[in-house]
Amino acid sequence: MNDLPRIERSEPRSGTVLMHGGTVLTMDDDARVLRDAEVLLDRGRVAAVGRALTVFPGTRLVDARGCLILPGLIQGHVHLGQTFFRGLAESRHLLQWLGDRIWPLEAAHDDESAYWCTLWGAAECLLSGTTTVQDIGIGPGAGGYLQALDDSGLRAIAGMCLMDAGEGVPAALLGDTDRLLADTESLGDGFETTDGRLSYSINPRFILSCSDELWQGARSLAARRSWPIHTHGMEHQAECEAVRLLKSGRDEIDYFEDVGVLEAGLRLAHGVWLEERHHARLQQYRMSVVHCPSANLKLGSGIADVVALQRAGIPVGLGCDGAACNNDFDAFEEIRLAALLQKLRHGPDAFSGLDGVRLATSLGAQALGLEDVVGSLEVGKRADFVVLDGRRPEMWAAAQADPHDLVAFSANRSQVRHVFVEGEQLVEDGHLTCFDLEEIRRQAERSVAALVARCGIDF
Ligand SMILES: [Zn+2]
């Protein structure tokens, strides 16, 4: 994207940092909480967690007294390329939402609009405490979208969204199958970074918009490049019914098994309508599910049974999905909603605040194959974390209160003070450190107006 106008970016603050005086939610296997503790970062990694740590000259001290320090939040399913569509696709069922609004809007993207749209969404994620996203991508404009993820500083697993078939899909979104597979591989080659911050995935959108040949090609590419496959499925009953009609009575898991993509370690967004009879196959093929409670409620899709999936040993992560169906990227809200919905479904003692926070940290990392990299504050892991202001009225509690419950049920983006990714401070005192939010907004306003004019919808 050599000729793409991009944000002016300054280098973030990095180096050795000691956060001191805060309450550390380690999110390790024992969910240890350390009060009045310290976290030492060095060369992008967590170097030590504890008290009275040894520090060397030149270490930057960050006062975290009164704050909660926890791993950066992980969102396993987002569409940052739909951030411009916020408020433009309201009150519709899933298939109507896609056909009437989302697909025509996505078809109008080019590299320039995709860049500012994605950067705008990424800025919101960072300011809300999200440090890792798995993004399912867009078709037209995919190059600009990937460049924005790179420039944002987020940790990201991302790829081009693939579609080559389907009723009501605009021609601009439908690619030739072989061409799509070649294009996505070539974009992946240019995206992945050696430090592991950016990695690539193969993203067929869903069964209704992808041919058998595309799924088979995705499976081969996944095997050849060791890239995961990220897709949507079992989201809405109308979608499930349409798949059974199209695929001779097979449901989505049957179909995925037949085309061989279960073997590729499929990451399934939604899974609202998964049943007990699917669990053994999901477990056998090491498939993961990403729960998106706000989007599922807003599109009237249903409530995923997270407790049942976890009892069956299936990794479950959490995601905000997109600005066109959520309508924001505050993962703290998703934690709260996920926990409340499982309490409604299984009883108030079936899903704790800690269970909710795990979905967006340690278990969220496991769902994306990142459990050795991020998701807990442990020595050797990447220094991705968020610092919340615990002195605000809504976060204040007696010393006996479990801080996991405070994060799950009281926290939201407004307490986010500092955010680090790979040891680099990308948010300081609630502000982005590397680029000017106002500049992104100015560019986004200009760019979204042009995109809406191009899309051909009479709003
Ligand atoms: Zn989605």
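## Close-up views of the predicted model

**View 1. β1 and its neighbours.** Strand β5 (residues 67–71) is joined to β1 by 2 bridges, and the two run parallel. Strands count as paired if DSSP finds at least two bridges between them; strands (E, at least two residues) and helices (H or I, at least four) are DSSP runs, numbered from the N terminus. In this pairing, T23 sits opposite L68 of β5. β1 also pairs parallel with β4 (residues 60–63) over 4 bridges, with L18 partnering L61 there. With β2 (residues 33–42), the pairing is antiparallel and covers 7 bridges; here M19 faces V39. Since 8 of the 9 residues of β1 (residues 17–25) are buried, the strand is largely enclosed by the rest of the structure. Buried means 20 or more other C-beta atoms within 10 Å of a residue's own, exposed means 12 or fewer, and partly exposed is in between, with C-beta atoms placed from the backbone.

A word on what you're looking at: this is a predicted model, where local features need pLDDT of at least 70 and side-chain atom pairs count only at pLDDT 80 or more, while totals for chains, interfaces and linings use all residues. Residues are numbered from 1 along each chain as its sequence is written.

**View 2. The largest nonpolar core.** This core has 147 residues, and V39, I69, A122, L126, V261 and I335 have the most contacts inside it. By nonpolar core we mean buried Ala, Val, Leu, Ile, Met, Phe, Trp, Tyr and Cys residues joined through C-beta atoms within 7 Å. Domain 1 (17–71 + 377–432) and domain 2 (73–367) both give residues to the core, so it lies between them; the bounds come from an automatic or database domain assignment. Zoom in on I69 and, leaving out residues up to four places away in sequence, you'll find it touching M19, G22, T23, V24, V39, A64, F385 and V387. Contact here means C-beta atoms, placed from the backbone, within 7 Å.

**View 3. An open parallel sheet.** Its 4 strands run in the order β12-β13-β14-β15, with parallel pairing. β12 (230–233) and β15 (316–318) are the edge strands, each pairing on one side only. Direction ignored, neighbouring strands are turned by 30° against each other on average, using axes fitted as lines to C-alpha atoms, with angles from 0 to 180 degrees between N-to-C directions. β12 and β13 (residues 267–270) share 4 bridges, and H230 stands opposite R267.

View 4. Just past the helix, G347 has a positive phi of about 105°. N327 sits in the loop between β16 (321–322) and α11, and the N326 to N327 peptide bond is cis, with omega near 15°.

**View 5. Two loop residues with positive phi.** S91, in the loop between β6 (73–79) and α1 (94–107), has phi of about 55° despite not being a glycine. With 9 other C-beta atoms within 10 Å, S91 is exposed. D429, between β19 (424–428) and β20 (431–432), isn't a glycine either, and its phi is about 50°. D429 has 10 other C-beta atoms within 10 Å and is exposed.

Methods: Contact = placed C-beta atoms within 7 Å.
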